[in-house]
Amino acid sequence: MARFVRWYGSGPLHLLVLIASFALTGYAMVRLFAVQPVRVAIWFVGAAVLHDLLLLPLYSLADLSAVDVLRHRAADRPAVPWINHLRVPAFLSGLLLLVWFPLVLRLATPYPGATGLSYSVYLGRWLAITGTLFAVSAVALALRLRRSRRAVPAGNASGPGRGGTP
Amino acid sequence: MHSDPPPGPFRPGFWRSPIRGPWLTSVFGLVLLIGIPLMFVTGLLSYASYNPGLSPLNDQTPDKGVLGFYLFGWPTHPYWLYRLLQGVHVTLGVVLVPVLLAKLWSVIPKLFAWPPVRSVAHGLERLSLLLLVGGVIFEFVTGILNIQLYYVFPGSFYRLHFYGAWVFIAAFVVHVCLKLGRMTRALRSRSMTAELRTGLSRTLPEPPDQDGLVAAAPAAPTMTRRGALGMVGAGSLLLLVVTAGQSIGGRLRATALLAPHNRDPGSGPNSFQINKTAAAVGVTTALTGPDWRLEVRGRGAPRIFTREQLLAMPQHAAALPIACVEGWSTDDQHWSGPRLADLAALAGLPDAGSVLVQSIQPPGPFTRVVLRGNQIRDPRSLLALRVNGADLSLDHGYPARVIVPANPGVNNTKWVHRLTFRA
């Protein structure tokens, strides 16, 4: 047993569960790849690669850049941390686009003919929701700024701190 | 003996989020642990609802083998069964997108673990993780594209989504087996209520963990854990609001701002949602004009009916929805026409075991379907000629269509021209 664990790197139960799982995977994969195997494989592996090596690095980089730019403008920075007033509406708006882009960008060509509905409404609605999200976020920030200015006399450099408890 | 990791994401100091750690991962994991089995089961039930065991015509994945072990005759009660199941399946899938993204974000350092393979066990586990991550994104992407009729994926949606689900679930079960203990320990390591009261200044990294999720050199926090959970939750809530109305219907339909079936096509008695218009599938008024006849086969010689003769038969009413595999559905519509059971009796087979329904629609998927005996015998199962007090519109199947309680929409065949009852 100890020799097995040293060779394998885990207990025998680990191996049995994985083999059972791979057997089912193999059974389903033979069928998944029965038609257009190369294209299906590209979609399957591509899904993971596209997310892990493109989407996630891109949004992380965008987020880091935004945080960085704001940090280097410390002099004229508002007295309350405001990165999340940018981050949250950008995340929500991006999420809606990520899910509904075929309709928003009018890529789903069979849609109007099949459903009898026009897809012209989606881009405008997505933009309207995006605008509303940023506007609400701006109003929330304005209220926080006003509250922090009232709490601290103008010119006091120490400010209310970066506590962030609203 | 291991070499130093290459620079960049392979170095422990590269990942700097101070809130990344086993507790946060486990919160997202717990939500998915509840949501994903629910989606898997509703998905399997959706396949069963097509009655694939009844005829190859009903089966989009005839090579399923043992993966169809659970199939059973689909019931007609409750009449809203398919509407509920498929509405939950699709809406839940959309709503879980931000949770899935957050979960994947929270474990990204593990993708760049160094050395890439520590042991046989570790190598096999990583292979399983490729199937897990590839599988879950594949399932979400094919599903989300399909409900928007964006058919760019390679081949039949039914094949890809069904077999892809099995590949994914095999890896999912392993993942749950291997991580359940760690998840429960991590969830117990911090109090959710205390976490929801913690402000930014007191947002500190979790203690170092065996998985290396916690940053070795954390940056200053810019968001609390409460904020991260709130942002993901707000994403789910927003997606729910702009989507669910297409399945709930009524006044809420208009709130589904970005969903594909969020409004009525036109106005009047026939102004409910259409899956495929007549024009889209090549059905023209030339095929549905005065020359249209319904042929009813069973025991003895085939019988031919004009639409007037069908209207002269006893007409029955049923209030039933159209519910689509794409998750949208209509409210209950008031259909009327002869009962399928009466037509079976006319064909000399009052206890028919099945009926082959054929459409005048040019050949393609779902132009022929076989219904089961229990679906024929349900008194609400009609060959509908009228809806909401008016003749069917061409887009809703004029001159005649099938409507059966709890049946998936595509199996409520439109533009019917032949019914073949069998013992």
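## Salt bridges in chain B

A salt bridge is a side-chain nitrogen of Lys or Arg within 4 Å of a carboxyl oxygen of Asp or Glu. By that criterion, B:D211 forms a salt bridge with B:K110, with 3.2 Å between the closest N and O atoms. B:D211 lies in the loop between α6 (192-196) and α7 of chain B and B:K110 in the loop between α3 and α4 of chain B, so this pair ties together parts that are 101 residues apart in sequence. Helices (H or I, at least four residues) and strands (E, at least two) are DSSP runs, numbered from the N terminus. B:D211 also meets the side chain of B:R182 in a salt bridge, at 2.9 Å from N to O. Because B:R182 lies in helix α5 of chain B and B:D211 in the loop between α6 and α7 of chain B, the pair ties together parts that are 29 residues apart in sequence.

Accessibility is described in three classes: buried means under 20% relative accessible area, exposed over 50%, and partly exposed in between (1.4 Å probe, protein chains only). B:D211 is partly exposed at 23% relative accessibility. B:K110 is partly exposed at 29%, and B:R182 is partly exposed at 28%. Another salt bridge links B:K64 and B:D59, whose closest N and O atoms are 2.8 Å apart. B:K64 counts as buried, with 13% relative accessibility, and B:D59 counts as buried, with 8%. Over all chains, a search of the whole structure finds 14 salt bridges.

## Basis of the model

This is a predicted model, in which local features need pLDDT of at least 70 and side-chain atom pairs count only at pLDDT 80 or more, while totals for chains, interfaces and linings use all residues; side-chain values use heavy atoms, with hydrogens and water left out. Residues are numbered from 1 along each chain as its sequence is written, and chains are lettered from A and ligands numbered from 1 in the order in which they are written.

## Chain A

Chain A contains 6 helices and 0 strands. From the N terminus on, its elements run α-α-α-α-α-α. Of the 166 residues of chain A, 31% count as buried. Contact means heavy atoms within 4.5 Å. Among the contacts in chain A with a separation of 6 or more, 40% come from residues 24 or more positions apart.

## The sheet of chain B

In chain B, 4 strands form an open sheet in the order β3-β4-β8-β9, with antiparallel pairing. Two strands pair if DSSP finds at least two bridges between them. The edge strands are β3 (316-320) and β9 (390-391) of chain B, each of which pairs on one side only.

Strands β3(B) and β4(B) pair in the antiparallel sense over 5 bridges, and B:A319 has B:H334 in β4(B) as its bridge partner. Strand β4 (residues 333-337) of chain B also pairs with strand β8 (residues 386-387) of chain B, in the antiparallel sense over 2 bridges. There, B:W335 stands opposite B:V387 in β8(B). β4(B) is mostly covered, with 4 of its 5 residues buried.

## The interface between chains A and B

The size of an interface is often given as the accessible area lost when the parts come together. Buried area is the accessible area (1.4 Å probe) that two parts lose on being put together, summed over both. Between chain B and chain A this area is about 6,400 Å², and carbon and sulfur atoms give 76% of it. In chain B, the residues that lose the most area to chain A are B:Q148, B:L258 and B:R263, together 12% of what that side buries. The contact takes 81 residues from chain B and 69 residues from chain A.

How many salt bridges and residue pairs in polar contact are counted between the two chains? The count is 0 salt bridges and 19 residue pairs in polar contact, both residues at pLDDT 80 or more. A polar contact is a pair of N or O atoms within 3.5 Å; within protein, one must be able to donate a hydrogen and the other to accept it, and residues adjacent in sequence count only if both atoms are side-chain atoms. On the side of chain B that touches chain A, α3 (97-106), α4 (120-147), α5 (157-189) and α7 (225-241) of chain B each supply at least two residues. The largest share, 17 residues, comes from α4(B).
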